[in-house]
Structure formats: C-alpha cells, structure tokens
Amino acid sequence: MPNDGTVSQSGGGFFAELQGSPPLDPDSAPSPRHQFLSTELADRNDRRRALIVLALSAAGFVAAVPFAQVMLVPVSAFIPAYEAALILISAITALMLFGQARGSGSTALLVLAAGYLYDVFLIIPHALSFPGAFAPGGLLGGGQTTVWLFCFWHGGFPLFVIAYALLDAREARRGQPSRGSDGFPVALAIVLTIVLAVALTLLATQRGAILPILMDGNSQLPVATAALAATWILGLVAIGVLWLQRRHTVLDLWLMVMLCAWVFDIALSAVFNHQRFDLGFYVGRGYGLLAASFVLGMLLIEVGGLHSRLATAKALLDDYAHRLEERVRARTAELAVANATLLAETDERRKAEAQLHQAQKMEALGQLTGGLAHDFNNHLGIIIGNLDLLGERAGRDPEEKELIEDALAAAFNGADLTRRLLAFARRQPLRPARVDTNQLIGEITKLLSRTLGERIEIG
C-alpha cells in the first residue's frame, strides 16, 4: 500500500472553515478512501512492483527446475526451523486479517483469515509427522502421513482463496458492510477451522485403511505425483479466479503473486524433484516461505503507513488546535475591548437619557410655573388697581396711608416675583436691571417685622 500520506480536500475544507485557515495540504494527511489492502484498488505502481517480484520468482523457478533432482545433504533441523517460521508468519497474517474482517464486517476477509489459520493447524501436525524432525519415524505416523498432510495443506489453502475471491466479488456488487461485526463470526470461523484441521489430520493418519500409499521410503509413487499435481492445479485455479475478477485490490494482487510462488513451491518440492532433501525439496520450501511472507509483508507495510499517517494527522490536529487556541485568545481580547467600549457607550447613553429626562421635567415645571405666574399676575393686577383706588379715597390718616403703601409695595413685589417666574419659565425675555439692595432689604425687613411679630427682632 503506498505510503503517500494523502488527504481528501473535504477534510481540509472542514478545518479551514473551522479555523479560518488555508485548506490542508493534500500531501500532508491520509485519505479516508485508502486505508486497507482489501479495499484499495491496485494502481499502475502496485502492478509494476508485483510484476517485478513475480518475474524474479519465475526466473528463480526456471533456473532451479533443471537441477531439482540433484541430491543435497539431508538436514534434520531444516523442517522444524522452516515450518516454525511458516507457523509464525501464517499466525500473524491470520491475526491481522481477522482484525480487519471484524472491523469491516467482510465475510471474504474472514474466510481468507481462516485459510491462513488452516495453514497453521496443518503445518503443526505436518512437522510432527515428518520423519527425522522430532523422531526417526515421525511422531504422527511417518512419511505417508506427512505427504497426505502436505496435500491437504497445499490443496486446502487455494480453496480458501477461491472462496475469498467469490465472496469479495459479491460484496463488491452489494456493497461492503459499513460497520464492523461482533466477535462471534471470528470465533465461529476459528472453531470451524480447528475442527477441519483436526479431521484432516485424523484422516491422514489412516493412510493404509482409507487413503492410498504415496511414498516408498523417501521416493514418491505415481499416485503421489497425481495427488500433488492436483494441489498444484488448485493453486493455478485460485490464481485464475482472482485474475478474472472485475476489480483487483492490492490484496488481490499480492495474493496472486503469493499463489504463483506457492505453485513454484509445489512444483519444485513435489512434482519436478525426485525425493526428499534434493535441491527441488529445499528450493521449493524456500519458495513456500517466500510465498507466506508476501501478504504479511504488505500488511506490515500497510500498518506502518497507517501509523505514519496517523502521526501526521495528529501533528496537524495539534497544530490546528494550537492555532485555534491563539485565535480564540485574540478574539476574546477583542471582545473584551469591544465589551468595555459598549459599557462606556451605554453609560454615556444612560447619562444623556437622564439629562433629557431632567430637561423634560424642568420644561414641564416651567410650563406649570408660567401658567401659575400668569394667573397670579392677573390677580395682582386687580389687587394693585384696588389699592390705588383706596389710596385716592383714603383720608389723611398717616397709618392708613402707610398700610396702603405697604400693600402696594407687596403687590409690586409679587408682580416682580411673577416676572421672575415667567423668566424662569422662559415665557418672557430677561431684562437685567440694577437693584438697590439696601432699599430691597429695608422693604423686606418691614414685611417680615409685621409677619413674624414682636418676639423676633430683625437686625
């Protein structure tokens, strides 16, 4: 799977809208469309890489075929080491595929994972039965059992691949499940795979009663060649079924490369060779180990790519979160300044409204005062007129005359007061004039003396 770290433009637009920043660089984050080998369609680069690996494998196979029957030194530890490596590789591959199957809900991936697990549970009895590996005659019956387990092992896995290809094509037509499944299908697949492996192992041990004899010492009988050729044909059929699919994912592509190496393994170690421990035997096992490593290697590369893109995405998110925090802090400061300005304007407006309200009250008071002053002035006019008439009719009594004069002075003071009220009410223009304060105080003193009585003395 290419580790180009691409990102969809829609994801960049979301972050840009969220933070007001430019869109994400398309080369800086992972694309949500390209996440797994089982869903990413193979491109030209993937096909070129697979073709190079296939060409190298085929060249090695062609070079080894003429020398396949050359005897080499038997190495008793070869089979345990080789099959221990196969068990480890197949178990890890099965575990990773089970995880993807559970996460995606894909039945096709579940079957393929079960195929790798099937290899694990058949490799174990195959190693235990191999003569000279753990016992001179094998722990599970020796060479005949070993050959039949080899046939079940190398013939069974292509059947799992064929089932995977057909189920994958059906899921592609119907649409793959949008959410993962629970662990029950995985557990069921594991149990059924174990049951199948145990049943085939028990069947292989009944070599004489049910199954024909395939080996004469270390040499194969013609019936063994036919049985092994059948496994070879099943591998070719699996390759053909994968190739005929309308769409090829990266996983499909590397499964075909793996099956080609698988076929080379069977051809060298069981068809073109003569017996165990010849060159074809050893080179074929090497092809088997190489074949098992292809898909696991791509899965590990995929995991590394996903981890790298996850780290890149996390770094981008951290960077955008930091920028967002800075923008929020700056915006908060701007809002604080705007809030202070708004409070000041609100206070000024409140003061202006209070002044306007006070002015309206004063205007209303002035209107009321002006109206009262006009009415009071009219009454004073009558009083002053009547006092003038009384002054003309009064006799020569000085006290009476003084009273009339005091009343007139008070009336004129009242008229002057009304003029001031009218001036306050702004009903008449102001006419500033000089006032004799001594005379004014004297007049007020006389008025107060008569009003307050003799007990209060005004100095």
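These notebook entries record what I looked up in the structure.

**Basis.** I worked on a predicted model, in which local features need pLDDT of at least 70, side-chain atom pairs count only at pLDDT 80 or more, and totals for chains, interfaces and linings use all residues. Residues are numbered from 1 along each chain as its sequence is written, and side-chain values use heavy atoms, with hydrogens and water left out.

**Overall fold.** I read the secondary structure as eleven helices and two strands, where helices (H or I, at least four residues) and strands (E, at least two) are DSSP runs numbered from the N terminus. In order from the N terminus, I noted α-α-α-α-α-α-β-β-α-α-α-α-α. Of the 459 residues in the chain, 37% are buried; buried means under 20% relative accessible area, exposed over 50%, and partly exposed in between (1.4 Å probe, protein chains only).

**Phe 281.** I located Phe 281 in helix H9 (residues 279–393). Its relative accessible area is 1%, so Phe 281 is buried. Phe 281 and Ala 68 are 213 residues apart in sequence, yet their C-alpha atoms lie 7.5 Å apart.

**Salt bridges.** I searched the whole structure and found nine salt bridges, each a side-chain nitrogen of Lys or Arg within 4 Å of a carboxyl oxygen of Asp or Glu. One of them joins Asp 168 and Arg 247 at 3.6 Å, N to O. Asp 168 is in helix H5 (residues 143–174) and Arg 247 in the loop between helix H7 (222–243) and helix H8 (250–271), so this pair ties together parts 79 residues apart in sequence. Asp 168 is buried at 11% relative accessibility, whereas Arg 247 is partly exposed at 30%.

I then examined helix H9. Glu 325 and Arg 329 form a salt bridge at 3.2 Å, N to O; they are four residues apart in this helix, which means a separation of about one helical turn. Arg 331 and Glu 334 form another at 2.9 Å, N to O, three residues apart in helix H9. Both are partly exposed, Arg 331 at 48% and Glu 334 at 45%. I also noted that salt bridges with shared partners join Asp 347, Arg 350 and Lys 351 into one network.

**Cysteines.** I counted zero disulfides, taking a disulfide as a pair of cysteine sulfur atoms within 2.5 Å. Cys 151 is buried at 7% relative accessibility, and Cys 260 is buried at 16%.

**Glu 400.** I placed Glu 400 in helix H10 (residues 398–424). With 36% relative accessibility, Glu 400 is partly exposed.
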